[in-house]
Amino acid sequence: QNTWKLEDHPKLPKGKTIALVVLDGWGENKPDQYNCIHVADTPTMDSLKQGAPEKWRLIRAHGTAVGLPTEDDMGNSEVGHNALGAGRIFAQGSDALILFQENCALWRRIKYISECFKNGTLHLIGLLSDGGVHSRLDQLQLLLKGASEHGAKKIRVHILTDERDVLDGSSVGFVETLENDLAKLREKGIDAQIASGGGRMYVTMDRYEHRLMNHKCDSLVLCKLLGEAPHKFRNAVEAVKKLREHPNANDQYFQPFVVVDENGKAVDPIVDGDAVVTFNFRADRMVMLARALEYHDFDKFDRVPFPKIHYAGMLQYDGELKLPSHYLVSPPEIERTSGEYLVHNGVRTFACSETVKFGHVTFFWNGNRSGYFSPDMEEYVEISSDVGVTFNVQPKMKAVEIAEKARDAILSYKFDQVRVNLQKGDMVGHTGDIQATIVACKAADEAVKMILDAIEQVGGIYVVTADHGNAEDMVKRNKSGQPLYDKSGNLQILTSHTCQPVPIAIGGSGLAPGVRFRKDVPDGGLANVAATVMNLHGFVAPSDYEPTLIEVADN
Ligand code: 3PG
Ligand code: CO
């Protein structure tokens, strides 16, 4: 029995080169001045849209369509690429809250953590916001409640301020909320307080070893261990308020701080015998910290001293590495992804992006699995992202380089699928810099053109889509769609993703005659793309995959 064998598609041929282009943070929205995709010069994407409804349509990229708890949950790259690659919808890590509520045995399961409560401190480290992309405030609150009910006497929270998934400036409110919760615990006799913090992009939440701020990503770990940081404050509310006063301060780039007592001494660094829980559920930006907390032979930066702790993650962040070995909630098991099927069916695959999104088209695409399914059949190329500058300063990022690599891969005839993530709209969108985001969208459009031109040369097929919205709306709006202003009359810039649908376009001279989007999958989402691509490779998708978006009309 060969379970990996896919059936031949009754009508579509094999052997066409397919370019699979994922624009990151590229949603569809009404045209206005805050829709950077609309404002930018994007002739290639505009021309694809002319193919509607047979060759261009919209698909859902947020909420339950990508396994998130509610329709108010915006899409993100992890769940988006999971759905694109896996062809099915899996309940995602942010659903861990539900697991929490249902699973009263949780604290028994993590005895490893609670056995430190008698003599040690419980440290909770993670992103403090309700963005729902990497962590959830309500999950932190449940953790605090659970820990206090299960014997934690001393709790220290180490906070990372967000701004990429929530509004800039919202850190103050989140810290106040947390301080209130901790004050209530103190009333119950539990010594609970915030001990340190910093902006997520400046400290600790680095991903794929990008080390954006010149190796400073380790500084929160260091300041926790040593109780030292460039900024010292008596409490965290004062810290975030003061840090916001710095010129051009943004929540995501705050420098690290520690909370100190009346003698200027850090309230509690991590020491031998303590328990540590990282409460982010999303993997990409936690792997580095998890390694630093778990591995004895970690060498990415100096952790001296490295205390003997009991460490658990909210989830297991890397199933291959089994990292961390202790975790609170099991991650979704995303297996039998389209990448694995295609490799078993002779499809040679090339995947490429730059560092900050490299794991998106590989690790997330493959169901949070690192490495190749078959090194002989696949080639993954990472282009180094710029280091030490924020992406609004260099908004084109590595658009040209990624497109060139994809072009060369297509023209080499060595691959059947050439998959890229073009991340500009998203990474620059997260900075909230509207002008830079417009430049980024134009650059992404040019990159798409280069790839489509190469596909034309080899008589191939293209599939162009996106993982979630971002650049198509850069302001916070009221229910009737009007931009919102803050108390000082400033426009509220939306740095986060959106709940907008994303486009998908198919075409190329290799596309068989009669192939068009079906009309009977009106709610189609990212998870429907995998079956669609399998069809274009000449296969029928497994029966439990979400249905294909295409049909072949008899001409
Ligand atoms: C980030 O990690 O940069 C944001 O929180 C989410 O962005 P992404 O889902 O597009 O990676
Ligand atoms: Co993003």
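Is Cys499 buried, exposed or partly exposed?

1. Cys499 is partly exposed, at a relative accessible area of 31%. This is a predicted model, and every value in this note is computed from it.

2. How many disulfides does the model contain? The count is 0. A disulfide is a covalent bond that links the sulfur atoms of two cysteines. For Cys499, the closest cysteine sulfur belongs to Cys36 and lies 18 Å away, so it is too far for a bond; the cut-off applied to a pair of cysteine sulfur atoms is 2.5 Å. Another cysteine, Cys116, has a relative accessible area of 8% and is therefore buried, because the cut-off for that word is under 20%.

3. Ligand 1 has 17 residues around it, and those that come nearest are Ser77, His134, Asp165, Arg285 and Lys357. By class, this shell consists of 9 charged residues, 7 polar ones and 1 nonpolar one.

4. Which domains supply the shell around ligand 1? Domain 1 (18–91 + 334–552) and domain 2 (94–329) each give at least three residues to the shell.

5. Several side chains make polar contacts with oxygen atoms of ligand 1. For Arg285, an N or O atom of the side chain is 2.7 Å from a ligand oxygen. In the case of His134, a side-chain N or O atom and an oxygen of ligand 1 are 2.8 Å apart. Arg164 also places a polar side-chain atom 2.8 Å from an oxygen atom of the ligand. Ligand 1 on its own would expose 310 Å², of which the protein buries 100%.

6. Helix α17 spans residues 529–536 and is mostly covered, with 8 of its 8 residues buried. They are Val529, Ala530, Ala531, Thr532, Val533, Met534, Asn535 and Leu536. Just after the helix, Gly538 adopts a positive phi of about 95°.

7. Where does Thr548 sit? Thr548 belongs to the loop that runs between α17 and β17 (550–552). Its relative accessibility is 15%, so Thr548 counts as buried.

8. Two contacts tie the side chain of Thr548 to its surroundings. One is a polar contact of 2.8 Å with the side chain of Asn535, a residue listed among the buried ones of α17. The other goes to the backbone nitrogen of Ile550, at 3.1 Å.

How values were computed. Residues numbered from 1 in each chain as written. Chains lettered and ligands numbered in written order. Predicted model: local features only at pLDDT ≥ 70, side-chain atom pairs only at ≥ 80, totals over all residues. Heavy atoms only, no water. Near = heavy atom within 4 Å. Polar contact = N/O pair within 3.5 Å; in protein donor to acceptor, adjacent residues only side chain to side chain. Areas by Shrake-Rupley, 256 points an atom, 1.4 Å probe, with all protein chains shown as cover. Nonpolar A, V, L, I, M, F, W, Y, C, P; charged D, E, K, R; others polar. Domains from an automatic or database assignment. Buried < 20%, exposed > 50% of the residue type's maximum accessible area, 1.4 Å probe, protein only. Helix = DSSP H or I, 4+ residues; strand = E, 2+ residues; numbered from the N terminus.
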